[in-house]
Amino acid sequence: MKEMVFATNNPHKLDEIRKIGEGRLRILSLADIDCHEEIEETGNTLEENALIKARFIKEKYGYDCFADDTGLEVDALKGAPGVYSARYAGEGCSFTDNMDKLLTALQGIENRTAQFRTVIALVLNGKEYLFDGVIKGKIIEEKRGSTGFGYDPIFMPDGYDKTFAELGNEVKNTISHRALAMEKLVDFLIFHS
């Protein structure tokens, strides 16, 4: 089984990616390679941030690896919070702070369509590759559900009457933006190994 480093310090993302790749890809965490530093995301796009993290691990630790960046893009807010999704309510904010700010920004707005978009950057054998996954849906008016993380309690994917947080990780990990991007990555790695 192929082994890859996933450049993230987010335990929720690590757990989700490990479940998605289970049986097909062995995922090493940053702690597994003794990397305990925070990699600054200074890019203006999801692609730039994912590449910054993957390049950092390759350059500093020598491992081929992949990294992701994910954004929630709300149509009525011209794509915001987008690349700033994790810190929408400010540095050091919580998931709840971000959701509350978004719900406040959408008060009185009828068009609540949105999409989650994940970009995965892979650095492999001296080359760089990008894979993306998108799931469309809408922002509901109140938080529902208790699983997942981030904006999951207020995002309802198209074709479902439950939020990501109500659907549970098993369903979410088969239909999510991250799952779609991860499938492309796994297919690529299996084909190129």
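Predicted model: local features only at pLDDT ≥ 70, side-chain atom pairs only at ≥ 80, totals over all residues.
# Notebook: strands, cores and a ring cluster

**Entry 1: strand S6 and its partners.** One position I looked up here is lysine 138, which stands opposite methionine 156 in S7.

Next I turned to the pairing of S6 with strand S5. S5 covers residues 113-124 and S6 covers residues 127-139, and they pair in the antiparallel sense over 12 bridges. Threonine 118 faces glycine 133 of S6 across this pairing. Which residue takes a positive phi in the hairpin of S5 and S6? I found asparagine 125, with a phi near 50 degrees, in a hairpin that has 2 residues between the strands. A reminder to myself about strands: in a regular one, side chains alternate between the two faces of the sheet.

Entry 2: I then looked for aromatic rings and noted 7 aromatic pairs in the structure. Phenylalanine 116 and phenylalanine 155 make an edge-to-face pair, with 4.7 Å from centre to centre and 65 degrees between the planes. Phenylalanine 116 belongs to strand S5 and phenylalanine 155 to strand S7, so this pair ties together parts that are 39 residues apart in sequence. Are these two residues buried or exposed? Both phenylalanine 116 and phenylalanine 155 are buried.

Phenylalanine 116 has another partner, phenylalanine 164, and this pair is stacked, at 6.0 Å centre to centre and 15 degrees between the planes. Phenylalanine 164 sits in helix H4 while phenylalanine 116 sits in strand S5, so the pair ties together parts 48 residues apart in sequence. I checked the accessibility too: phenylalanine 116 counts as buried because its relative accessibility is 5%, and phenylalanine 164 counts as buried at 0%. Ring pairs link Phe116, Phe155 and Phe164 into a cluster.

**Entry 3: the nonpolar cores.** How many residues does the largest nonpolar core have? I read 20, and the residues with the most contacts inside this core are Leu72, Val74, Leu102, Ile139, Tyr151, Ile154 and Phe155. At least two residues of this core come from each of S3, helix H3 (95-105), S5, S6, S7 and helix H4 (164-167). H3 gives the largest share, 3 residues. Apart from this core lies another, of 19 residues, among them Phe6, Ile20, Ile120 and Met182.

Leaving aside residues up to four places away in sequence, valine 74 touches Gly79, Ala80, Pro81, Leu102, Leu106, Thr113, Ala114 and Ile139.

**Entry 4: threonine 70.** This residue lies in strand S3. Threonine 70 counts as buried because its relative accessibility is 13%, which is under the 20% cut-off. What does its side chain contact? I found a polar contact with the side chain of aspartate 68, at 3.1 Å, and one with the side chain of arginine 178, also at 3.1 Å. Beyond four places in sequence, the residues threonine 70 touches include Lys13, Phe116, Thr118 and His177.

**Entry 5: helix H1.** In H1 (residues 11-21), I marked Lys13, Leu14, Glu16, Ile17, Ile20 and Gly21 as buried. Why are they on the same side of H1? They cover an arc of only 165 degrees around the axis, which puts them there. The buried residues of H1 pack against strand S1 (2-6), strand S2 (25-28), strand S3 (65-74), helix H5 (169-175) and helix H6 (177-191).

Asparagine 10 caps the N-terminal end of H1, with a side-chain oxygen 2.8 Å from the backbone nitrogen of histidine 12. Just after H1, glycine 23 has a positive phi of about 80 degrees.

Entry 6: Aspartate 34 is not a glycine, yet has a positive phi of about 65 degrees. I located aspartate 34 in the loop between S2 and helix H2 (46-61), and this residue is exposed, with a relative accessible area of 54%. Lysine 78 also has a positive phi, near 55 degrees. Lysine 78 is in the loop between S3 and S4 and counts as exposed at 82% relative accessibility.

Which residues does a cis peptide bond join? I found alanine 80 and proline 81, with omega at about 0 degrees. Proline 81 has its place in strand S4 (residues 81-82).

Note on methods:
Residues numbered from 1 in each chain as written. Heavy atoms only, no water. Buried < 20%, exposed > 50% of the residue type's maximum accessible area, 1.4 Å probe, protein only. Helix = DSSP H or I, 4+ residues; strand = E, 2+ residues; numbered from the N terminus. Arc of directions from axis to C-beta. Contact = heavy atoms within 4.5 Å. Polar contact = N/O pair within 3.5 Å; in protein donor to acceptor, adjacent residues only side chain to side chain. Pairing = 2+ DSSP bridges. Core = buried A, V, L, I, M, F, W, Y, C linked by side-chain atoms within 4.5 Å. Phe/Tyr/Trp six-rings, centres within 6.5 Å; stacked < 30°, edge-to-face > 60°.
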